[in-house]
Amino acid sequence: MACESALPAIMDEQALMGLNPNADACYRQRALAYFEQLKQSQDGWEVCAEALAKGIYSDDHVKFFCFQVLEHQIKYRHGSLTGAQQQLIRETLMKWLQLQLMSAQSEKPFIKNKAAQVFALTFIMEYLTVWPKFFFDLLSLVGLSPHGLDIYLRTLMAIDAEVVDRDILHTPEETRRNTLIKDSMRESCIPALVESWYQILQTYQQSNSELTCQCLEVVGAYVSWIDLNLIANDRFVNLLLSHMSVEELREEACDCLFEIVNKGMDPVDKTKLVESLSQVLQSAGFFNVEQEEDVDFLAKFSRLVNGMGQALVLSWTKLSKSGDVKVAAETLQALEAKVPLMLQLLIHEDDDISANIVGFCYDYLHILKQLPLLTDQQKNNVEAVMLAVMKKLTYDDEYNFENEGEDEAMFVEYRKQLKMLLDRLAQVSPELLLESVRRVFTSTMQNWQTARFMEVEVAIRLFYMMGEALPASHGAHFTGDATKASTLQDMMRTLISSGVSEYQHTSVTLEFFETVVRYDKFFIVEPQHIPNVLMAFLDHRGLRHSSPKVRSRVAYLFSRFIKTLHKHMNAYIEDILSRIQDLLELAPPENGFPALLSNDDQLFMFETAGVLIVNGECPADRKQALMRSLLTPLMEAFRLLLAKLTQETDEERQTALADCLSHAVGFASRTSKAFSNKQTVKLCGCSEVYLDCLQTFLPALSCPVQRGTLRSAVRSFLHRMIICLEEEVLPFIPAASEHMLKDCEPKDLQEFIPLINQITAKFKNQVSPFLQQVFMPLVLAIFEVLSRPAEDNDQTAALEKQMLRRSYFSFIQTIASSGMNEVMANQGAENIERVLFTIIQGAVDFPDPVAQKTCFIILSKLVELWGGKDGLVGFPDFIYKHIVPACFLAPLKPTFDLSDAQTVLTLSECTLTLKMIHLKRGLEFVQFLQQEYLPSLQVSPEITQELCQVLQQPDTKVLKNYMKAFFQRAKL
């Protein structure tokens, strides 16, 4: 240790040069090494303390560095410092503070903040023990010096961040310590602190706005946990109100008042506080918001009014629940008196000001919803909120639809808040809302040719929003309530017949199609309107629109429209298919022209085409011909592109070709979504077409390049065909599997296993010979990939292996649960043993509760299959040597966290495995536990006896609870 403390009393000047951000790398490296050296040294930090106390260095980076070294000592080594060293830190801080008082120049903010952090950390470590006079020492030193007060206020904010801030997670020990600190401060120094704040505010309100604002921030931060009477009194509040009239202070004063109003307290006291504040603000003219031009201040003021309003709502709720009718009525009256101001702020042209009052507005409507009858004034208020929401939903001229940025994103969020208000309005007065929307909608639709786009868009938008605001089961708006149904029907007729779909603005076009699809059940009631809307979807208004954004959204909406109304499409099927034919073409990779639709959009078009063909009323041979004409171009293109890919040497072109091939398979796959099962495919005569597709696509599996992309596409297609063609797919599976198991990556295998699981679960014994054949090749391919070395810190590789391990266990689980024990039993003793050991390993060694749970499910199933008298030869021996120990060793691992829900599920399966062993082996198992296994774990005879008794009871729930308690005790 002696050599560690032998650091020179002066600092390494060359290392300090490396602190400058522009320094050479070698100097920076040396600075880092020096920092580590000073941190680790017993007393090397003292040179930093001396440098700060004497103001030796003028370089800001060096000063910051010295504070960092000091911070490290206090944070991590305070307990090991001697009393003298702790005293040195206190003296250093006070001497440094004294230097600030004498200096004409203030330090840079980043140094002051770091200093405040160090002061705060020292306070936390020492206030309750050796430095109870921390604040008095600070205040007596700084007096009213602005430089000193700056540090004092920053320190208070740093203490708030460490001790009070609820957003920071603390350990239980830190929480207890923080509570003690706050209790001690309340008893000893809070009144003095409050007095110091008052003095600062009064002294500097005219001459130093920065310091005053800092002090207001401190008051706002501390008011939540100190005695409110110290702040909420005439002297203090009048001072705060005087700040509301000073331009530089008013925003911070508003925030401070908001925190006062926000403090938790008795509902009667809260109402009195809000009312007294409200009267003072009103008499000072702050409620005349239309005369105020400073939007930043109004946004803060709106937040304050929102806080006052929500505080009154909370008081009313508590008083109503407690049955205090008289005071509740007075609170409601006080609340209603704020509504005109709330409405003024809600309707304000600045969205930030409006958004800040939405919470109060929402809560007010919630109160109205609970009242049995509304007064005329309350009805007027509801209508006023409604009109305000309608007005504020409107886009402004600045909104950039082509290149949406931050402002646009904020407006979209604000619109969501307004939608919440609209939904709440619908709960308070659905008839009034529907009538208001109908009025606005009808008058706008009559004049849409001359109206501005934002007026037309918001009129349709409001109609659209009614679909969610007004309750209806599964979108059935056109049945049930006759008034509502006929109003919405009238509006739909107007929307379709007005010609507004021709409006030349993307926002209106999109809103038109969104609304048509939102109310698609209207066309079941009035199918005569279908042709008009179909034309809009198919022409320049929809799928041929000049905007890619509109085309993309319409492709999706069109597929939804057709899915809902396929029964009404019979007369239009072939016309629609011919009109969208060019949108169903595979875009070749070498084509320089951008396609009308993206590949993702085309997926919806292929699905739509499939739905139209399958649900038509034409005979099966016609359906087959239509489906063939839809899929043949894809197959032809696929063959050509695959031939090109095998010849291509340029990697970029290979990728483009592989992507194109993948799209072709994806499109064919998507057409099959129209079928629910094999029966529907057969009825439509389409089995043959899909088998042709399968034969066309499977050769891609043997392509030597771009394996990942091609395998993924073909695998997805096979998944669909297992559903659509069922056993007709089986002849293709062995060859496909063989190709997919060659040269595997973890991801390939991970995606292949669900396919095998699907086949196993669906066909069971039908595929037993195939599974017996593929079982070991698949298992060995998994083992090979899992055994590949990877870098220790390669998290992606580790995650891939974890996911593959899970997939492997799920495969074994599927085999075991499908009643095909012969698949594993016929693999030969050596292979069976190898697989069994991987399951034991998965249950015990890998801290992954998802995989562990699966492993115990497998073990339980195997015990059920092979653990009885006529089971697999040698398996009972395996149960006692490996499965029983696994059931105890896994939960005893330090990584087995019994407070984690997923781990508790694992323990539950582990317990069921023990239960299954008892079921199959009976008394023999109980004796093994009593006489051999549990004694080997040093379990006492009493506990052993107890466990064995619980194990023999029929109730598994009792056993599960017992085992959880057993392992919790064992881990203490």
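A nonpolar core is a set of buried Ala, Val, Leu, Ile, Met, Phe, Trp, Tyr and Cys residues joined through side-chain atoms within 4.5 Å. The views below show a predicted model.

View 1. Along the principal axes, the C-alpha atoms fill a box of roughly 95 × 90 × 65 Å. The accessible surface comes to about 44500 Å², and carbon and sulfur atoms account for 52% of that surface. Among contacts between residues at least 6 apart in sequence, 73% join residues at least 24 apart.

**View 2. The largest nonpolar core of the model holds 338 residues.** The residues with the most contacts inside this core are Y152, M185, W197, M244, F301, F561 and F888. Helix α15, which spans residues 295-322, gives the most to the core, with 12 residues. In soluble globular proteins, nonpolar side chains tend to be buried together.

**View 3. M244 is one of the residues with the most contacts inside the largest nonpolar core.** Leaving aside residues up to four places away in sequence, M244 touches R250, A253, C254, L257, L281, F286, F297, F301 and L304. Among these neighbours, F301 is also listed with the residues that have the most contacts inside the core.

**View 4. Helix α31 packs against helix α34.** Helix α31 covers residues 651-671 and helix α34 covers residues 707-724. The angle of packing is about 5°, and the axes are 9 Å apart. Angles under 35 degrees count as roughly parallel, so α31 is roughly parallel to α34. On the α31 side, the contact is made by A658, D659, L661, S662, V665, A668 and S669. On the α34 side, T709, L710, A713, V714, S716, F717 and R720 take part. By type, the residues of this contact divide into 8 nonpolar, 4 polar and 2 charged.

**View 5. L642 is a residue of helix α30, which spans residues 620-647.** Its relative accessibility is 12%, and residues under 20% are classed as buried, so L642 counts as buried. Apart from residues up to four places away in sequence, L642 touches L661, P699, A700 and C703. Of these, L661 belongs to α31 and takes part in the contact with α34. The C-alpha atom of L642 is separated by 85 Å from that of S140, and these two residues are 502 residues apart along the chain.

Definitions and conventions: Residues numbered from 1 in each chain as written. Predicted model: local features only at pLDDT ≥ 70, side-chain atom pairs only at ≥ 80, totals over all residues. Heavy atoms only, no water. Buried < 20%, exposed > 50% of the residue type's maximum accessible area, 1.4 Å probe, protein only. Helix = DSSP H or I, 4+ residues; strand = E, 2+ residues; numbered from the N terminus. Contact = heavy atoms within 4.5 Å. Axes fitted to C-alpha atoms, helices over the stretch in contact; angles between N-to-C directions. Parallel < 35°, antiparallel > 145°, perpendicular 65-115°, else oblique. Nonpolar A, V, L, I, M, F, W, Y, C, P; charged D, E, K, R; others polar. Areas by Shrake-Rupley, 256 points an atom, 1.4 Å probe, with all protein chains shown as cover.
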